[in-house]
Amino acid sequence: MTTATRVYVARLAGLPVFDPNGDHVGRVRDAVVRLRTTNRPPQVVGLVAEMPLRRRIFLPMGRVTSIDTDAVVLGTGTLNLRRFEKRPNELLVLEDLLDRRVTIEPDEVPGVVVDVAMEPNRLGEWSLVRVAVREHTGRLARRGHLREVDWVRARGLIGVPDTQGTANLLALLEGMRPADLANALQDMTDERRNEVAAALDDERLADVLGELPEHDQVEILAALDRERAADVLEEMDPDDAADLLAELPRAEQEVLFELMEPEEADPVRQLMKYQKGTAGSMMTSEPVILTPDTTVAEALARIREPQLPPAVAAQVFVARAPMATPTGRYLGIVHFQRLLREPPAEILGGVLDSGIDPLRPETPMVEVTRRMATYDLVALPVVDGSNRLVGAVTVDDLLDHSLPPDWRDRDTASGGVSG
């Protein structure tokens with residue numbers, strides 16, 4: 001094995017993993033250690049890698065040929081694709097040890113774990129050998145001294161911690177996409193998951209909740225105090241918030257609605273009135289809506305806004321004022337490719353497509369799917385009986401409701417692949 005003699009696990013997080021042919025396998029998410037019956041430090045038995053389909057698998061250390069600052073390389077292209085499950089005598093270094101409160105012996109100095117280092121012996125067996133600890137000063141305005149100590153000098157690493165913070169773990173998770181972070185939360189214990197979720201800001205937590213199975217959404221929301229839960233619901237897309245609230249008892253729904261701002265609660269209430277499996281129940285009530293006198297340049301600037309999901313930004317819907325749903329009379333749609341072909345000063349009223357019949361809120365999902373596939377669209381408008389735009393069904397909405405209810409749950413299938 002050609003690798004550094006000492007590797008810090010927190011620095012491994014997010015590194016790409018390649019097979020011997022140079023094909024990308026996934027990214028490192030954690031290291032797995034096995035506890036020993038003696039006082040010897042835990043043995044590092046493998047890495048946890050996340051594959052493109054959000055499946056976490058186990059990579060034995062014996063199959064790792066090199067570890068450096070840029071990548072982890074495997075010595076084989078044959079992988080066990082069974083979902084990783086932590087065993088009773090195992091720990092995940094980042095999930096279970098990062099942010100632990102420990103005491104440094106023999107000085108009895110309290111501190112918090114910020115990283116753990118592993119090293120191989122002459123036989124190629126890896127063990128945890130050093131712990132990076134930030135001393136606890138007790139002063140709010142001052143950060144404690146960072147020191148590195150032998151594993152055996154950090155008391156409190158093994159066993160149920162009295163307290164375990166989340167600051168360093170959150171720093172590692174910060175760069176993850178919401179779907180990947182949701183995946184990571186599913187691998188944590190309920191208590192740890194709820195701690196990490198509660199430490200996220202409202203907008204970030206709202207994005208992550210939308211990527212979790214409904215039962216996990218409910219459990220995380222229930223662990224928050226009600227005012228915080230209402231704030232998070234306000235940050236969610238109205239259709240995601242409606243789906244989540246639909247899983248709660250009616251009394252709890254009303255409490256949260258009362259705590260939400262009326263302008264945030266009203267669209268969610270309206271979405272919950274539509275029958276399940278219809279366009280109304282799937283649609284987003286916040287597509288990009290512009291007036292017919294808006295210029296092409298203004299429309300392009302609007303769909304370039306980074307917070308817009310790709311399916312929502314793929315077109316603009318044109319309607320008479322008011323612009324909030326339900327709008328004035330719906331006029332048509334302009335796809336972004338058409339916007340790119342038109343002069344910047346051209347107005348939308350002169351380039352819109354009015355030949356695609358809009359959906360009605362009661363249109364069944366089968367018809368929505370057929371219509372979207374027929375016209376190769378990523379979104380379709382939804383109008384009410386007065387031809388007012390009330391929302392749009394996007395392709396991601398359609399997929400979310402077409403897949404089995406438990407599709408966001410972690411895959412437990414097993415198998416192998418040869419590279």
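**Figure 1. Strand 17 and the strands paired with it.** In this predicted model, Ile 289 has Phe 317 of strand 17 as its bridge partner. Strand 16 (residues 289-290) and strand 17 pair in the parallel sense, over two bridges. Strand 17 also pairs with strand 18 (residues 330-335); these two run antiparallel and are joined by five bridges. In that pairing, Val 318 stands opposite Gly 332. Strand 17 (residues 315-319) is mostly covered, with five of its five residues buried. Gln 315, Phe 317 and Ala 319 lie on one side of the strand, Val 316 and Val 318 on the other, and both faces are covered.

**Figure 2. The contact of helix 10 with helix 11.** The axes of helix 10 (residues 250-259) and helix 11 (residues 262-271) cross at roughly 145° and come within 8 Å. On the helix 10 side, Glu 254, Phe 257 and Glu 258 take part, and they meet Ala 265, Val 268 and Arg 269 of helix 11. Sorted by class, the contact of these helices has three nonpolar residues, three charged residues and no polar ones.

Figure 3. Pro 238 is in helix 9 (residues 238-245). Pro 238 counts as buried because its relative accessibility is 5%, and the cut-off for buried is under 20%. Leaving aside residues up to four places away in sequence, Pro 238 touches Pro 267, Val 268, Leu 271, Ser 285 and Glu 286. Thr 78 is 160 residues from Pro 238 in sequence, and their C-alpha atoms are 44 Å apart in space.

Figure 4. Side chains of opposite charge can pair when their charged atoms come close. The whole structure has 25 salt bridges. One of them joins the side chains of Arg 147 and Glu 135, at 2.9 Å from N to O. This pair links distant parts of the chain, 12 residues apart: Arg 147 belongs to strand 14 (residues 146-150) and Glu 135 to strand 13 (residues 126-135).

Figure 5. Glu 305 and Arg 302 meet through their side chains in a salt bridge of 2.7 Å, N to O. Glu 305 is partly exposed, at 28% relative accessible area, and Arg 302 is partly exposed as well, at 26%. Arg 371 forms a salt bridge with Glu 367, with 3.1 Å between the closest N and O atoms. Both residues lie in helix 16 (residues 365-374), four residues apart, which is about one turn of the helix. Arg 371 is buried, with a relative accessible area of 14%, whereas Glu 367 is partly exposed at 22%.

Notes. Residues are numbered from 1 along each chain as its sequence is written. This is a predicted model: local features need pLDDT of at least 70, side-chain atom pairs count only at pLDDT 80 or more; totals for chains, interfaces and linings use all residues. Side-chain values use heavy atoms; hydrogens and water are left out. Axes are lines fitted to C-alpha atoms, for helices over the stretch in contact, and angles run from 0 to 180 degrees between N-to-C directions. Contact means heavy atoms within 4.5 Å. Ala, Val, Leu, Ile, Met, Phe, Trp, Tyr, Cys and Pro count as nonpolar, Asp, Glu, Lys and Arg as charged, and the others, Gly among them, as polar. Buried means under 20% relative accessible area, exposed over 50%, partly exposed in between (1.4 Å probe, protein chains only). Two strands pair if DSSP finds at least two bridges between them. A salt bridge is a side-chain nitrogen of Lys or Arg within 4 Å of a carboxyl oxygen of Asp or Glu.
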